[in-house]
Amino acid sequence: MRKLMMMVFFWILCIAMVQSAEARSYNIRDFGAIPDGTTLNTEAIQKAINKAYVKGGGRVIFPSGKFLTGSIQLKSNVELYLEEGALLLGSTSPFDYFKAEGNEKTHRPKTDDNSELGLILAIEAKHVKISGQGTIDGQGLALALNGDSLHHAGILVDKNYNYRRMRPGELVRPKLFRFLQCENIEIKNLTLTNSANWGLSFELCKNLVLDSLTIINRAYWNNDGIDITDCKNVKITHCNINSADDGICLKSYHPNACSDSINIANCIVRSSASAIKFGTGSFGGFKNVTIENIKVFDTFRSAIAIESVDGAVIENIVVKNIVAKNTGNALFIRLGHRGGQKPGMIRNIHISDMQVEVPFNRPDIDYDLRGPEVDFFHNPFPSSIAGIPDNKVENITIENITITYPGRATKGMAYIPLSDLDRVPEQIKKYPEFSMFGELPAWGLYVRHASNVVLKNIHLRLEDKDYRPAFVFDDVTNLRIECTKIENAGSQAQFVLKDVVNHKIEFPAEIISIGK
């Protein structure tokens, strides 16, 4: 009898839980949303979100159909769930977008982010989720062009309009997602596409999970895939990203904050800029970041770019198991001093198990929006690690790396003689990019202003001739190279050392030493 009563109690509890879950579900059609793709449903959707919020939380359901909306603001304990066949369309009118409203009692730090406008907004929200099998389409091209027309008509004037490039500035172009100071966020399984600006933007957030997302952001300029700014405890996994600008970008805009404890794994990235990048905004710092099992294709700039140019400290970074095909540059590490009271630091970087193929022609030729080419003649660029005088990149280990370069360099195109390596400019205050130094004197790896550099099992291969050496080291302290293989490079010296102190190179070939 007691057992029977317990079973009855269990089933009553299950039924109550199901009924409670159903009671916490809010279908946007019940609030007046119309799935015709032309009716603006902003008010109906926001009513459903607000109702779930005041009831203590719940799931806001987007059924199958096309739902047009302007900015909507997500609240604590609320999930947006897009059923299969649901298409959430961003309005193409700039007048339908606004900034998120926060808690007036909370003293928010001043943000240097390029825009607070977004299709889906959240500020100071906790325990929020966006999931399902549907699609969110920002219709970014039409939105940006309408903003452009309104500016020129004098109706909605953009004081930051870019007349050089003839397009609206970033401040007036909404992002797809804009989350600020939120905690416990989960976004899964959706297709997200066509922002007028960055795709998914998270700033000063904690405990963020992005999983199994398809992100196609190639509608307009500044179309990053994912931007993580001064966030803590972030997991980005199993995402497929195709973006006209940087694929996954870690930023730091707040001098007293940093991006900390970030894991990026099992993702595929295509980009007309860099696949995975630290910076360019780099004021606070980046630490404890792991990037693993990444496939990169058709990417114009770097597969991995690690940049501190505004005073940020970058430390304890692990990058492993990267396969990059048809990519303009394998690896770029730069410590500069563009801004901030003093230069930052880059230290404790471990990069392993990379396979990269660098083409002769630009790899993003099939993109409609292509990254700007450099305005000077050059031979193919090598990977590079570069600090600045008196501020060295420290403790860099690179091992088990294979990079295939196209060769075809000629002194008639550009030439830095080995007897005049100081001709390579420092570019201390310049925007960081693998092409920032102009022509470089190595075809494989160029290292300047660094200490404690270890290279193990490095395999560099040329597909055609290159008159330059594979490696150039300039102002490097404590250099160790083990088990290096250089293929199809010819008989000239492949290692050039200038002002290198304390080195050990295990390689049966000629080494040219200059200076110390």
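The legends below describe close-up views of a predicted model. Local features are given at pLDDT of at least 70 and side-chain atom pairs at pLDDT 80 or more, while totals for chains, interfaces and linings use all residues. Numbering starts from 1 along each chain as its sequence is written, and side-chain values use heavy atoms, with hydrogens and water left out.

**View A. Strand E4 pairs with strands E2 and E7.** Helices (H or I, at least four residues) and strands (E, at least two) are DSSP runs, numbered from the N terminus. Two strands pair if DSSP finds at least two bridges between them. Strand E2 (residues 36-40) runs parallel to E4 and is joined to it by 2 bridges; Leu40 stands opposite Leu68 of E4. Strand E7 (residues 86-90) also runs parallel to E4, with 5 bridges between them, and here Phe67 faces Leu88 of E7. Because 4 of the 5 residues of E4 (residues 65-69) are buried, the strand is largely enclosed by the rest of the structure. Buried means under 20% relative accessible area, exposed over 50%, and partly exposed in between (1.4 Å probe, protein chains only).

**View B. Phe381 and Phe434 form an edge-to-face aromatic pair.** Rings of Phe, Tyr and Trp (its six-membered ring) pair if their centres lie within 6.5 Å; planes under 30 degrees apart count as stacked, over 60 as edge-to-face and the rest as tilted. The whole structure holds 11 aromatic pairs by this search. In the pair of Phe381 and Phe434, the centres are 5.4 Å apart and the planes stand at 85°. Phe381 lies in the loop between strand E25 (345-357) and strand E26 (383-386), and Phe434 in the loop between strand E27 (393-405) and strand E28 (445-462), so the pair ties together parts that are 53 residues apart in sequence. Phe381 is buried at a relative accessible area of 7%, and Phe434 is buried at 6%.

**View C. Tyr405 and Trp443 form an edge-to-face aromatic pair.** The distance is 5.6 Å centre to centre, with 80° between the planes. Tyr405 belongs to strand E27 and Trp443 to the loop between E27 and E28; the pair links distant parts of the chain, 38 residues apart. Both Tyr405 and Trp443 are buried.

**View E. Gly279 and Thr280 are joined by a cis peptide bond.** Omega is about 10° at this bond. Thr280 is placed in strand E22 (residues 276-282).

**View F. Asn207 and Asn233 have positive phi.** Asn207 has a phi of about 60° although it is not a glycine, and lies in strand E15 (residues 206-211). Asn207 counts as partly exposed because its relative accessible area is 32%. Asn233 likewise has a phi of about 60° without being a glycine; Asn233 is in strand E18 (residues 232-237). At 42% relative accessibility, Asn233 is partly exposed.
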